[in-house]
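Please find below some notes on the model, arranged as numbered points.

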Amino acid sequence: MDLEAIRKSVIECTKCDLCKTRTHSVPGKGNFNSDVIFVGEAPGKNEDLKGEPFVGVAGKKLLLALENAGVTRDEVYITNTVKCRPPKNRIPSVLEKETCQEYIQKEIEIIRPKIICVLGNTAFGSILGGNEITKFRGKVGRKDGQLYFITIHPAATIYNQGLIEVLKEDIKKLFEIIRELKNGKEIPIDIEFAS
Ligand code: URA
Ligand code: SF4
């Protein structure tokens, strides 16, 4: 399967009940050769209307942090743990996350990013089994040989202006790490996650 095929499967998917309330499902989007995949929680209202990830207010915050690191949206690949909007933006259920996870697994398998950037607690929980994002943000993790960078969800910066600086600083650090990885440098691992 290639990313186009995954995109089509996501658009047509009816594997969980979120298909009944969505306007559009939201496949991952961006550079198929990206060194990094950004993983958010689930689509919100604007994403549901447009069928694209991070195109609302949270998306603007993510874009600010990328621009601050000298990176454009099109250079990276952006996706979510769950591809359809949960009603009223509630957190996706365990069943929804489990049902949808085959798509993100395939996105990761195909793109084979140098590092995966986990945005916020929901993605942190479902991908690495973690919680307490504020304790782990800014850190590098490894699970089954794959590197992860952990940071806060861009939506957290909407009502807390101080946090935009935190997000910017983290994303800048992420791209410094990517530069080092590309130069063949060893990156210190802060946390090993059990598989
Ligand atoms: N929040 C998310 O987690 N993902 C999006 O795509 C938009 C907002
Ligand atoms: Fe399918 Fe995922 Fe949408 Fe559920 S959330 S319908 S599993 S694409």
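1. In which helix is the place of aspartate 170? Aspartate 170 belongs to helix α8, residues 162-182; helices (H or I, at least four residues) and strands (E, at least two) are DSSP runs numbered from the N terminus.

2. The model is a predicted one, in which local features need pLDDT of at least 70 and side-chain atom pairs count only at pLDDT 80 or more, while totals for chains, interfaces and linings use all residues. Residues are numbered from 1 along each chain as its sequence is written, chains are lettered from A and ligands numbered from 1 in the order in which they are written, and side-chain values use heavy atoms, with hydrogens and water left out.

3. Aspartate 170 has a relative accessible area of 2% and is therefore buried (under 20%; exposed is over 50%, partly exposed in between, with a 1.4 Å probe and protein chains only). Beyond its neighbours within four places in sequence, aspartate 170 contacts Arg137, Gly138, Phe149, Ile150 and Thr151, contact meaning heavy atoms within 4.5 Å.

4. Ligand 2 is surrounded by Cys13, Lys15, Cys16, Leu18, Cys19, Arg22, Val82, Lys83, Cys84, Thr99, Cys100 and Tyr103, each with a heavy atom within 4 Å of it. This shell divides into eight nonpolar, one polar and three charged residues, where Ala, Val, Leu, Ile, Met, Phe, Trp, Tyr, Cys and Pro count as nonpolar, Asp, Glu, Lys and Arg as charged, and the others, Gly among them, as polar. Helices α2 (18-21) and α5 (94-111) each supply at least two shell residues, and α5 gives the most, with three.

5. Cysteine 19, one of the residues around ligand 2, is found in helix α2. Apart from residues up to four places away in sequence, cysteine 19 touches Cys13 and Thr14.

6. The count of aromatic pairs is four, taking rings of Phe, Tyr and Trp (its six-membered ring) with centres within 6.5 Å; planes under 30 degrees apart are stacked, over 60 edge-to-face and the rest tilted. Phenylalanine 32 and tyrosine 77 form an edge-to-face pair, 6.3 Å centre to centre with 65° between the planes. The pair links distant parts of the chain, 45 residues apart: phenylalanine 32 in the loop between β1 (29-30) and β2 (36-40), and tyrosine 77 in strand β3 (residues 77-80). Phenylalanine 32 is partly exposed at 40% relative accessibility, whereas tyrosine 77 is buried at 3%.
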